[in-house]
Amino acid sequence: MPQLVNSACAICLQRIASDFDAGFCRTCGLPVHSACRTPAAEPIAEGACRECGAAIGSRRAIRERLNAVEDDERRAREQDRLRADAPTEAEVRTRRQDAHADVITGVVAIIGSLLFTVLAFAVNQSMVILATGAIAFGLFRIVRGLKRE
Ligand SMILES: [Zn+2]
Ligand SMILES: [Zn+2]
């Protein structure tokens with residue numbers, strides 16, 4: 001017996017959510033909502049099932065509708081996945097703070113080493129010390145911070 005829940009109602013073509021309010025028609029075998037069955041008093045359209053009123057001739061339309069439902073679900077799953085992969089606001093904020101900290105550390109290192117150079121020169125005019133290591137470190141942190149921003 002095919003699965004009733006999640007199949008498309010042969011009449012309204014909407015998904016059947018539970019087997020409480022739907023069933024397979026005993027005449028045509030198609031899944032239909034109880035509420036969608038054509039009442040016995042109403043005339044049945046030509047080419048339709050005499051019991052439930054489903055358009056038996058349009059199985060292809062039902063299949064297409066089912067495929068569309070599956071496509072929708074696949075797209076929804078895909079979107080869920082993308083949303084899960086995307087960084088959260090907090091992660092973005094943390095990353096930006098890290099980047100700022102990098103830039104500030106770099107600027108402080110460079111200013112510090114330049115100050116040191118100036119002070120050393122002030123103390124002793126014959127002494128010019130350029131703290132290239134600290135400046136390189138500072139530049140590295142600034143570049144890294146700007147790249148991460
Ligand atoms: Zn229905
Ligand atoms: Zn039927």
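Domain bounds here come from an automatic or database domain assignment. With that in mind, select residues 22-85 for domain 1 and residues 89-148 for domain 2. The centres of the two domains, taken over C-alpha atoms, are 67 Å apart.

A word on what you are looking at: this is a predicted model, where local features need pLDDT of at least 70, side-chain atom pairs count only at pLDDT 80 or more, and totals for chains, interfaces and linings use all residues. Residues are numbered from 1 along each chain as its sequence is written, while chains are lettered from A and ligands numbered from 1 in the order in which they are written.

Next, colour by pLDDT, the predictor's confidence in each residue, from 0 to 100. The protein averages 83, and 91% of the residues score at least 70.

Now switch to a cartoon view. Helices (H or I, at least four residues) and strands (E, at least two) are DSSP runs, numbered from the N terminus. From that end the order is β-β-α-α-α. Select strand β1 (residues 22-24), which has the highest mean pLDDT of the elements, 93; then helix α1 (residues 59-85), which has the lowest, 78.

Last stop: select helix α2 (residues 89-123) and helix α3 (residues 132-148). They pack at about 160°, with axes 7 Å apart; axes are lines fitted to C-alpha atoms, for helices over the stretch in contact, and angles run from 0 to 180 degrees between N-to-C directions.

Finally, zoom out: along its principal axes the C-alpha trace spans about 110 × 25 × 25 Å.
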